[in-house]
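The exercises below each set a task and then work through it in steps. Have the sequence and the 3D view at hand.

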Amino acid sequence: MTDDTWGQVREELIKRVGKNNYKTWIEPLRLSGLKNGVALFEVPTSFFGDWVSRNFVDQIRGQLSLAGSPVDRVEFTVATGQRPVADPARISAKPAVTREVPRRPLAAHSVPMRPRITGEGDISGAQLEPRFTFESFVVGKPNELAYAAARRVAEGGPVAYNPLFLYGGVGLGKTHLMHAIAHELQQSRPDLHVLYLSAEQFMYRFVQALRDKQIMDFKELFRSVDVLMVDDVQFIAGKDSTQEEFFHTFNALVDQNKQIVISADRAPGEIKDLEERIRSRLQCGLVVDLHPTDYELRLGILQAKVDHYRNQYRGLVMASGVLEFLAHRITTNVRVLEGALMRLFAFASLVGREINLDLVQECLSDILRASDKRVTIEEIQRKVAEHYNVRLADMIGPKRLRTIARPRQVAMYLAKQMTQRSLPEIGRRFGGRDHTTIMHGIRKIEELMVADNQLADDVQLLKRLLQN
Ligand code: ADP
Ligand code: MG
């Protein structure tokens, strides 16, 4: 079958399933294979696949047959290569959760991206998301500092701190704030040359320039911007020549008193394989942390978003308590929270039902289950071992060396804090240690954390990594 045939089949399907259903459920389908009576489609999420297979598969099969491609079975796979460029390197976080958010089904409502105009010179940065403005950013305790710092930079006045380094877990608003700075500057200071791009794009351009022997142009262009924003800078860690070039670009701009804004998923000191001189440079400015969201902030964000959907889907009724329930249960990150709301409305409008807690359970069971997921002691041991560069076996082994015993105690502490396990149970998982040993380990870490900032930071970081 050719793309054309699938095109025709889709035309037919519009008539069969109606325009709305078509837009939401059929258009995002990508036919990736058709062989031996099996049609294979790529879908944005597994929920999406389930929904289509439950509701539209007969029509799809029927139309394919009519078009001369008889099909016995229709299968769906979740497309993996769809990560947006501005959002790279989600290596360690749980991508399964993030990917559950339906990105495509509601594509009709998302505002089209418009290309970034960067003034003279021909480095165009990444596209800016029109939605990511200061106005649409909900401020709460966990993000107020980051917001204030971003606002300050967006005033475009004399450079107050350089760089502004924003960090925090996935989906907490780093990219949103950076785009907001760019939007604001575009309005208020059109004379400034503002460049926003991800660290991945920085590397890509650099490599391209090397290949095309245009490295001088590359340098010149990057050194001519007034405000440079590089998103997800952890990406360049370990990529030596890119780091090097980044370092020089960075220094040249700082020397000219040009503003730099950087984001990363962790603090400069916590990024592994980052050159020491870069790390210390990054720490020179203002380092601000976007904390995990709290209940109030999540509720605030939901309330801000729900108005938008109320307009979109007029006539839908939402029972009270739904937003509170979501804010209470979906604590992972804001992107997941937004995705949940979007899916709820789409689902409710399709089935023509009120949005109440029953519907929430039905429609969001996968997200709710993922949020319920408890951290296991094994995961804690693995992450801690990785962080301190010790072997996993040493976590449970007998060695008493400080360099091993301390991480082990950190893991014990986290096991007590983050799981429901009792001390004897934890002892068993740490190579059959006695519960008093576990107790001692936990106390030790509690004591040390008061005096030892490094250790306290380590524990915080590990907690965050484990919760993500
Ligand atoms: P990060 O870059 O930190 O991974 P993003 O900036 O991409 O996260 O945010 C993820 C999603 O959550 C975006 O759609 C963003 O608009 C939304 N979001 C995050 N924080 C807020 C907030 N405080 N108010 C409104 N929306 C938010
Ligand atoms: Mg981001």
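**Exercise 1. The ligand and its shell**

How far from an oxygen atom of ligand 1 does a polar side-chain atom of H176 lie?

Solution. The model is predicted, so local features need pLDDT of at least 70 and side-chain atom pairs count only at pLDDT 80 or more, while totals for chains, interfaces and linings use all residues; side-chain values use heavy atoms, with hydrogens and water left out. Residues are numbered from 1 along each chain as its sequence is written, and chains are lettered from A and ligands numbered from 1 in the order in which they are written.

Step 1. The distance from a polar side-chain atom of H176 to an oxygen atom of ligand 1 is 2.7 Å. A polar contact is a pair of N or O atoms within 3.5 Å; within protein, one must be able to donate a hydrogen and the other to accept it, and residues adjacent in sequence count only if both atoms are side-chain atoms.

Step 2. T175 also places a polar side-chain atom 2.7 Å from an oxygen atom of ligand 1. G171 uses a backbone N or O atom, again 2.7 Å from an oxygen atom of the ligand.

Step 3. Ligand 1 taken alone exposes 560 Å², and the protein buries 97% of that (areas by the Shrake-Rupley method with a 1.4 Å probe; for residues, only the protein chains shown count as cover).

Step 4. Two or more residues of the shell come from each of α7 (174–188), α12 (295–312) and α14 (334–351). Helices (H or I, at least four residues) and strands (E, at least two) are DSSP runs, numbered from the N terminus.

Step 5. In total, 20 residues surround ligand 1, with V138 and E338 among the closest; to count as near, a residue needs a heavy atom within 4 Å.

**Exercise 2. Aromatic pairs**

State how many aromatic pairs the structure holds, then classify two of them.

Solution. Step 1. There are 13 aromatic pairs. Rings of Phe, Tyr and Trp (its six-membered ring) pair if their centres lie within 6.5 Å; planes under 30 degrees apart count as stacked, over 60 as edge-to-face and the rest as tilted.

Step 2. F202 and F218 have ring centres 5.7 Å apart and planes at 65°, so this pair is edge-to-face. F202 belongs to helix α8 (residues 199–211) and F218 to helix α9 (residues 215–222), so the pair ties together parts 16 residues apart in sequence.

Step 3. F202 has a relative accessible area of 1% and is buried; F218, at 6%, is buried as well. Buried means under 20% relative accessible area, exposed over 50%, partly exposed in between (1.4 Å probe, protein chains only).

Step 4. For Y309 and F345 the ring centres are 5.2 Å apart and the planes lie at 20°, so the pair is stacked. Y309 sits in helix α12 and F345 in helix α14, so parts 36 residues apart in sequence are tied together.

**Exercise 3. Backbone exceptions**

Is N36 buried or exposed, and what of D232?

Solution. Step 1. Most residues other than glycine have a negative phi, and most peptide bonds are trans.

Step 2. N36, in the loop between β1 (30–35) and β2 (38–43), has a positive phi near 50°. Its relative accessibility is 73%, so N36 counts as exposed.

Step 3. D232 has a positive phi of about 55°. At 1% relative accessibility, D232 counts as buried.

Step 4. The peptide bond joining N162 and P163 is cis, with omega about -5°.
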